[in-house]
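Thanks for coming. I have one structure to go through this morning, and I will keep to what can be computed from its atoms.

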Amino acid sequence: ISDCGGTSSNSNAQQAVSVMNDLKKEYACNGGAFFWVAHDDTNGAWSKAVSAGAITPTKGCSSGDGWKPPVVVVPAPVVATASDDSRLVAYVGNWQACPTDAQMEAYTHVVVSFAVTYSYAPTKNTCNQQCDILATPVSVCGNAPHSALVAKWRAAGKKVMLSFGGAGMGGSWDGRDTCWENCYGKEDHLATQLADIAKNQNFDGVNMDYLYYYEDGQRGSSFAKGAQAQAFL
């Protein structure tokens with residue numbers, strides 16, 4: 001991770017493995033890790049190291065078959081496939097260049113980011129008042145749908161999800177963009193759109209990336225739609 005310097009939370013592969021293994025001391029069978037964004041995982045170096053050091057060794061731990069942590073782990077090349085635990089998730093920014101096969105090799109899940117209801121504007125994004133998802137079919141990467149790439153990832157055993165939302169819809173750190181508010185009360189309309197996109201573009205599911213306010217006055221803001229936000233969520 002290379003773009004989180006503002007919060008001093010950048011993490012290289014070795015640090016990520018250390019964090020995950022510390023987590024396993026309390027939660028031996030956990031959900032895994034994700035990387036934002038796959039475009040920055042040069043040659044898959046981060047994901048391959050994290051997969052070998054922290055993800056693959058506990059794959060299948062939730063199956064109830066008496067799994068025990070291995071005494072010795074010898075990293076070896078593996079074909080990453082989706083399972084109910086030990087996930088390694090790649091967020092793919094659909095405005096960025098498509099990731100290479102090497103970058104995606106170790107990931108078990110792919111999250112295409114984002115489907116949105118706004119048009120970008122430098123000072124404040126222009127929200128669709130009806131909560132209509134714009135630009136369908138949704139781009140997968142390189143600002144294009146790339147259906148063949150989705151099929152390729154799925155054929156390799158990866159789950160491919162669509163993420164709706166993201167910071168451009170509105171974030172609680174500044175309250176600048178407010179597009180989430182146009183979707184309050186329109187849950188059925190939004191759900192229908194997302195289901196149709198998932199079906200038409202062969203996504204395995206939908207992720208909701210909600211980063212906006214959900215309580216009145218949250219973080220000292222003037223936000224007063226907490227009840228609507230919670231009903232929406």
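First, the conventions. This is a predicted model, in which local features need pLDDT of at least 70 and side-chain atom pairs count only at pLDDT 80 or more, while totals for chains, interfaces and linings use all residues. Residues are numbered from 1 along each chain as its sequence is written, and side-chain values use heavy atoms, with hydrogens and water left out.

The protein chain has six helices and seven strands; these are DSSP runs, H or I of at least four residues for helices and E of at least two for strands, numbered from the N terminus. Read from the N terminus, the order is α-β-α-β-α-β-β-β-α-β-α-β-α.

Of the 233 residues, 42% are buried, where buried means under 20% relative accessible area, exposed means over 50%, and partly exposed lies in between, with a 1.4 Å probe and protein chains only. The accessible surface is about 12000 Å², and carbon and sulfur atoms hold 54% of that; the areas come from the Shrake-Rupley method with a 1.4 Å probe, and for residues only the protein chains shown count as cover.

Now the strands. S2, residues 87-93, has six of its seven residues buried, so the rest of the structure largely encloses it. S2 pairs in the parallel sense with S1, residues 32-36, over five bridges, and pairing requires that DSSP finds at least two bridges between the strands. In that pairing, Phe35 stands opposite Ala90. S2 also pairs in the parallel sense with S3, residues 109-115, again over five bridges, and there Gly93 is opposite Ser113.

Which residues form the aromatic cluster? They are Phe34, Trp36, Tyr91, Trp95 and Phe114. The chain has 12 aromatic pairs, counted when ring centres of Phe, Tyr and Trp (its six-membered ring) lie within 6.5 Å; planes under 30 degrees apart are stacked, over 60 edge-to-face, and the rest tilted. Trp36 and Trp95 have centres 6.3 Å apart and planes at 45°, so this pair is tilted. Trp36 sits in S1 and Trp95 in the loop between S2 and helix H3 (101-104), 59 residues apart. Both are partly exposed: Trp36 has a relative accessible area of 26%, and Trp95 has 45%.

Last, the core. The largest nonpolar core has 51 residues, and Phe164 and Phe203 have the most contacts inside it. Such a core is a set of buried Ala, Val, Leu, Ile, Met, Phe, Trp, Tyr and Cys residues joined through side-chain atoms within 4.5 Å. Leaving aside residues up to four places away in sequence, Phe203 touches residues including Val112, Val140 and Ile197, a contact being heavy atoms within 4.5 Å.
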